[in-house]
Amino acid sequence: VLWYLLVSAERSWAHANEIQKQQQGRRRQQVLKKLKRAKEWADLLLEKAKTSTDETTIKECQAYSAWMAANYYLEKMDYATASKEYARAMTLCYELSQGGDDSKDKKEEEEDDDDKLTARRLERQDLFVT
């Protein structure tokens, strides 16, 4: 279900970008309609994620939803709201990147501890053998 919602949001966003490139007369209204739909799909994705996924996925969906909302508000020329949404999306992405580094550091520390333990065992074995 989450993949379908994500693809639907991306499809609406991509279609809005395609319309912008075509430079049609009624382009702005069509773009706004597609971006609003992308924002709605992203909001629905976030709602579904809150009921069925872990904290990391929820945070990813919050960042995605904020980014889509910011795109919509930017095109709508509501610059204050767009700026807030972009800032929220970037803050969430930064938090997600920090979380990933911590888990890598923990894994590296565990591997180092395992290596040290193995080295100690080999040293002890060498002492008893010789």
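Arginine 88 and glutamate 85 both sit in helix α4, three residues apart, or about one turn of the helix. Their side chains meet in a salt bridge, with 3.0 Å from N to O. This is a predicted model, and a search of the whole structure finds three salt bridges. The protein chain around them has four helices and zero strands. Here is a friendly tour, starting with the charged pairs and moving out to the helices and the surface.

- An α-helix has 3.6 residues a turn, so residues three or four places apart point the same way.
- Aspartate 43 and lysine 39 form a salt bridge whose closest N and O atoms are 3.3 Å apart.
- Aspartate 43 is partly exposed, with a relative accessible area of 26%, and lysine 39 counts as buried at 17% relative accessibility.

**A salt bridge between helices**

- Lysine 59 and glutamate 95 meet through their side chains in a salt bridge of 3.1 Å, N to O.
- Lysine 59 belongs to helix α3 and glutamate 95 to helix α4, so this pair ties together parts that are 36 residues apart in sequence.
- Both partners are partly exposed: lysine 59 has a relative accessible area of 27%, and glutamate 95 has one of 38%.
- As a general point, side chains of opposite charge can pair when their charged atoms come close.

**Helix α2 and its packing**

- Helix α2 covers residues 27–52, which is 26 residues.
- From its first C-alpha to its last, α2 reaches 37 Å, close to the 38 Å expected at 1.5 Å a residue.
- The buried residues of α2 include Val31, Leu32, Leu35, Ala38, Trp41, Leu45 and Ala49.
- Lys34 and Lys39 are also among the buried residues of this helix.
- What do the buried residues of α2 pack against? They pack against α1 (2–22) and α3.
- Tyrosine 4 is placed in helix α1 and counts as exposed, with 53% relative accessibility.

**Helix α3 and glutamate 75**

- The 21 residues of α3 should span 30 Å at 1.5 Å a residue, and the end C-alpha atoms are 31 Å apart, which agrees.
- Glutamate 75 is found in α3, which runs over residues 55–75.
- Is glutamate 75 buried or exposed? At 16% relative accessibility, glutamate 75 counts as buried because the cut-off for buried is under 20%.
- The side chain of glutamate 75 makes a polar contact of 2.8 Å with the side chain of glutamine 20.
- Once neighbours within four places in sequence are left aside, glutamate 75 is in contact with Gln20, Arg27, Arg28, Val31, Leu32 and Leu35.
- Val31, Leu32 and Leu35 in that set are among the buried residues of α2.

- Methionine 77 follows α3 and has a positive phi, near 70°.
- This methionine 77 lies in the loop between α3 and α4 (79–129).
- Methionine 77 is exposed, with a relative accessible area of 52%.
- Together with Leu74 and Tyr79, Met77 forms a nonpolar patch on the surface, and the three have about 330 Å² of accessible area together.

**The chain as a whole**

- Read along the sequence, the pattern of the protein chain is α-α-α-α.
- Of the 130 residues in the protein chain, 26% are buried.
- Among contacts in the protein chain with a separation of 6 or more, 56% come from residues 24 or more positions apart.
- The protein chain exposes about 9,500 Å², and carbon and sulfur atoms supply 52% of that area.

How values were computed:
Residues numbered from 1 in each chain as written. Predicted model: local features only at pLDDT ≥ 70, side-chain atom pairs only at ≥ 80, totals over all residues. Heavy atoms only, no water. Helix = DSSP H or I, 4+ residues; strand = E, 2+ residues; numbered from the N terminus. Buried < 20%, exposed > 50% of the residue type's maximum accessible area, 1.4 Å probe, protein only. Polar contact = N/O pair within 3.5 Å; in protein donor to acceptor, adjacent residues only side chain to side chain. Contact = heavy atoms within 4.5 Å. Expected span 1.5 Å × (residues − 1). Patch = residues over 30% accessible without salt bridge, like charges linked within 9 Å, V, L, I, M, F, W, Y side chains within 5 Å. Areas by Shrake-Rupley, 256 points an atom, 1.4 Å probe, with all protein chains shown as cover. Salt bridge = Lys/Arg side-chain N within 4 Å of Asp/Glu carboxyl O.
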